[in-house]
Amino acid sequence: MKSLASPPCLRLTPTTRHHLPSRQSSSACYPHVVSSVIKSSSTLSFASSASGFASPLSVEKELRLQTAAVRHVTGSLIRGEGLRFAIVVARFNEVVTKLLLEGAIETFNKYSVREEDIEVIWVPGSFEIGVVAQNLGNSGKFHAVLCIGAVIRGDTTHYDAVANSAASGVLSAAINSGVPCIFGVLTCEDMDQALNRSGGKAGNKGAETALTALEMASLFEHHLK
């Protein structure tokens, strides 16, 4: 009888097998593979960000470039020569409106506006300013119209009606004529407030109105024609 013996060992023929490198040995044994993978992934990441949402840095750079290209336009307070102005003044509360008018004319003189280029038109009250301002704007003779008045609160609601009508009248005059009509009507609680704003401790609002008129006239004349 033949003795039992272990079966012969099978001899395997070595074959070529391709395995991806393990995580532990990838960086040590296959540096060129890791490098190519990193390069390809970074390329894909960039492409995906370009086709979808941009990175915060690129957005910031784009906004910065756009801001630098924006054209900013403003009127000048230096170029007052040759500009013509009309000043509509309310006689009501004349003790206040005269001071406002003086402040406006003094300011025009400081900025080289000639006296012959200033025309003053008196009206009964602030309510009547709007219609006259629109007529002057439509005349084509002036670069801006100053509207000066003083409305002081009394015992009735007449104050509210006149103040609101004066404001809307000046706005309508500017829109309808296409000429800047500057609102220089004081709306005060009492006479002390009005005097403080017509040359007192709060300054002269007539002078401020003239500065606004200069800037708007320059803006329309030199930039918006």
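Q: Why is Asn 93 called buried?
A: The relative accessible area of Asn 93 is 17%. Buried means under 20% relative accessible area, exposed means over 50%, and partly exposed lies in between, with a 1.4 Å probe and protein chains only. Asn 93 therefore counts as buried. This is a predicted model, in which local features need pLDDT of at least 70 and side-chain atom pairs count only at pLDDT 80 or more, while totals for chains, interfaces and linings use all residues. Residues are numbered from 1 along each chain as its sequence is written, and side-chain values use heavy atoms, with hydrogens and water left out.

Q: Where does Asn 93 lie, and which residues does Asn 93 touch?
A: Asn 93 is placed in the loop between strand S1 (85–90) and H4. Helices (H or I, at least four residues) and strands (E, at least two) are DSSP runs, numbered from the N terminus. With residues up to four places away in sequence set aside, Asn 93 touches Ala 150, Val 151, Ile 152 and Met 191. A contact means heavy atoms within 4.5 Å.

Q: What is the confidence of the predictor, as mean pLDDT of the chain?
A: The mean pLDDT is 80, and 69% of the residues reach 70 or more; pLDDT is the predictor's confidence in each residue, from 0 to 100. Over residues 15–51, pLDDT stays under 50, and the model has seven contacts beyond four places in sequence for them.

Q: Why is the pair of Phe 85 and Phe 108 called stacked?
A: One aromatic pair is found in a search of the whole structure. Its ring centres, those of Phe 85 and Phe 108, are 4.5 Å apart, and the planes stand at 20 degrees, so the pair is stacked. Rings of Phe, Tyr and Trp (its six-membered ring) pair if their centres lie within 6.5 Å; planes under 30 degrees apart count as stacked, over 60 as edge-to-face and the rest as tilted. Phe 85 in strand S1 and Phe 108 in helix H4 are 23 residues apart, and the pair links these distant parts of the chain.

Q: Are Phe 85 and Phe 108 buried or exposed?
A: Phe 85 has a relative accessible area of 0% and is therefore buried. Phe 108 also has a relative accessible area of 0% and is therefore buried.

Q: What makes the contact of Glu 94 and Lys 98 a salt bridge?
A: A salt bridge is a side-chain nitrogen of Lys or Arg within 4 Å of a carboxyl oxygen of Asp or Glu. The side chains of Glu 94 and Lys 98 meet at 3.6 Å, N to O, and form a salt bridge. Both residues lie in helix H4, four residues apart, about one turn of the helix. At 33% relative accessibility, Glu 94 counts as partly exposed, and Lys 98, at 43%, is partly exposed as well. Seven salt bridges are present in the structure.

Q: Why is it said that the pair of Arg 153 and Glu 189 ties together parts of the sequence?
A: Arg 153 forms a salt bridge with Glu 189, the closest N and O atoms being 3.0 Å apart. Arg 153 lies in the loop between strand S3 (144–152) and helix H6 (158–177), and Glu 189 in the loop between strand S4 (181–188) and H7, so the pair ties together parts that are 36 residues apart in sequence. Arg 153 has a relative accessible area of 33% and is therefore partly exposed. For Glu 189 the value is 41%, so Glu 189 is also partly exposed.

Q: Why does Ile 152 count as partly exposed?
A: Ile 152, in strand S3, has 21% relative accessibility and therefore counts as partly exposed. Among the residues that Ile 152 touches are Asn 93, Glu 189 and Met 191. Ile 152 and Glu 189 are 37 residues apart in sequence and 5.7 Å apart in space, C-alpha to C-alpha.

Q: Which residues make the nonpolar surface patch?
A: Val 95, Leu 99, Met 191 and Leu 195 make this patch of about 290 Å². Patches are made of residues with over 30% relative accessible area and no salt bridge: like charges are joined within 9 Å, nonpolar side chains (Val, Leu, Ile, Met, Phe, Trp, Tyr) within 5 Å. Met 191, in helix H7, has 31% relative accessibility and so counts as partly exposed. Helix H4 (94–110) and helix H7 (191–196) each supply at least two residues of the patch.

Technical notes. Areas by Shrake-Rupley, 256 points an atom, 1.4 Å probe, with all protein chains shown as cover.
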